[in-house]
Amino acid sequence: MLAPTPLLDVAGLTRRFGGLVALNRVDFDVGTGEVVGLIGPNGSGKTTFFNVVTGIYAADEGRVVFDGRDITSWTPQAVYEAGIVRTFQRSRLCLPLSIFDNVMIGNHKRLNRGLWFNLMRRKAFCDAYEAAREEARVILGTFHPDLARRMDEAVAAFPMIQRRRIEICRALIAHPKLLLLDEPSAGMTHEETRQLMDDILEVRDRVDPSLAIVIIEHEMGVIERITDRCVVLNFGQKIAEGVYREVAGDRQVQEAYLGVE
Amino acid sequence: MEKTRPSLLPGLAAVGAGAVFAVALLTAEQQWAVGALIAGAALASLAAWRFGLARAIGASVDAHEGVLNAAVIAAVLAVTAWFYEDHFPLLMMATVLLSATTCIGLTVQFGYAGMVNFAGASFYGVGAYTAAVVVKYTAVPHLLAIPLGGLAAAALGSLLILPMLRTKGHYTAVVTIAFAILMKTFLEVNDTLGGPQGMKIRNVTVFGWKPNTALEFGGVELSHYVVYVVAALALLVLAFGLTRRMERSWVGLALDTVRIDETAAACFGHDIARWKIVAFTWGNALAGMAGALYALMVGFIAPNNFTFGDSLILVSIILLGGIGNLWGAMLAAALVVILPEKFQIIQEYRFLLYAGLVMLILLFRPQGLLPRTLRAYVPGRA
């Protein structure tokens, strides 16, 4: 039987920074609706992997196929249009802007960006604006009622957990096919992380069960609970792959994390 | 929860007080009178801020934007009517309005897209020289000199776009500094454009009418500057209205995103180059149109009117007013243009004073006199 074509199919991906091989012939695939954990010690190439997939860094070798299209040398803009969105390890919200503004940044591809429309057709713009507000209100409301109620306030006024939620709303509003989460638990407590993950999965089940997620995470409890499968990187190389329990029992993985006795 | 709408009164009172102050300041001749007026205004603003009056005015402005915008236009026209035959106050008013238009352009570049332009006066100059060339060497109707001035400034600015897109942050500003210096040198050695002596602009005609001659209106003789104040006001209203709409739209949001975080902007599909081109071109076009109108008004321009120092003053206006706040830019433009003219004592030291002022602002109130507020896409329908 033929396996279904994966949504994201990465083969032999290599990225070097001078003499350092940050990614060394990494193969990686994600199926539609799958949740894959990307784990590994600090500096093992996880974030670089995201950066190469999303077009921030160019790949030196290998290819990235998404949804049947080779997106290896695409710009970040084109990758976003194709349906991959991400969050950042150190939250990259626009702090001086309102929650609504930040969510709309993620909605860029569905907004009419024409100068004539925005400046001259104010009536039509107002209608588009009202519709967008309603959509933002709904998605923010699923994460926290406060966010929906206070969406005209500056993001800078909110604590880290709310900022994480806003960042995830900003990613989800684009209706992506693949969501890349870079350490969403950074700076949060266990309880907050658990709640955030529940919210993400709940929104996914309700809005689009076919949404695939790749999550970078150091919190192994999170990985164990929500991922279908894990990929482990060490020094830019894939050293293990499989369901969490298998991977966690792998000798190489334990050595990478705990060192050799 | 029913909230009472803030009263219109504080806003109207502020506009009225501003108009009366403008008349008093423009009339005052004695240095002590000017000094007293400035000190009085500073104290009054401080008191208004201290006793919550400023907040009442702010709420009033937010709630009655349309009416108060109209009131400001009416106030400018009233002050113009008051000085109907005095050349000097009218010339100063027109200069303020033209500088304000230019600063609105710079706000789009600097305040929205984050591109510091140290060649604002050069683009103003491009507009001015375009108008001079149109009037002196061509048969093009003189009224078209204004849009052509904007077009020329935008076109010349697009030459800078390529090097600017290749650089980031402060290096972008360096490109504009280079342009400002090149521009002045070019004007000084170009004989067609009059070299260092500059160009005279004679016999401006609009539909057979000569706006640079005194005009009679119901038996009263008006200064020809009245026409230019009204024209400059119209240009400013147009610039302000369109830029406001730009800010309050997805375009304004995109520009802010590009300024704050280019990487995040790219990851959410924003075409960085496109938005920078839009902002840069927009700002230069406004500066160019203002410059063209300025040239038609004063009838004589020279390279020394458009120096790097003048560009620095424009940037300091933006810093003083509050980066990204259109009203702040206009208020600061009025202060920075009028004060040294009226307060002769500081004229000689004005660059020193501006430098000191900018440093004080950056130290103690980096958000400027009127800090930018959050975007209200559709005021009153939040």
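This is a predicted model: local features need pLDDT of at least 70, side-chain atom pairs count only at pLDDT 80 or more; totals for chains, interfaces and linings use all residues.
I begin with chain A, and with strand E1, residues 8–17. Strand E1 of chain A runs antiparallel to strand E4, residues 61–66 of chain A, and 5 bridges join the two.

E1(A) and E2(A) form a hairpin with 2 residues between the strands. Within that hairpin, A:Gly18 adopts a positive phi near 60 degrees.

I now turn to chain B. Its domain assignment gives domain 1, spanning 1–82, and domain 2, spanning 84–364. Between the C-alpha centres of these two domains of chain B the distance is 25 Å. As for the contacts between them, 10 residues of domain 1 of chain B meet 15 residues of domain 2 of chain B.

Which elements give two or more residues to the side of domain 1 of chain B that touches domain 2 of chain B? They are three helices of chain B: H1 (9–27), H2 (31–50) and H4 (65–82). H4(B) provides the largest share of that side, with 5 residues.

Finally, the composition of this side of domain 1 of chain B, where domain 2 of chain B is touched: 8 residues are nonpolar and 2 are polar, while no charged residues occur there.

Key: Residues are numbered from 1 along each chain as its sequence is written. Chains are lettered from A and ligands numbered from 1 in the order in which they are written. Two strands pair if DSSP finds at least two bridges between them. Helices (H or I, at least four residues) and strands (E, at least two) are DSSP runs, numbered from the N terminus. Domain bounds come from an automatic or database domain assignment. Two residues are in contact if their C-beta atoms, placed from the backbone, lie within 7 Å. Ala, Val, Leu, Ile, Met, Phe, Trp, Tyr, Cys and Pro count as nonpolar, Asp, Glu, Lys and Arg as charged, and the others, Gly among them, as polar.
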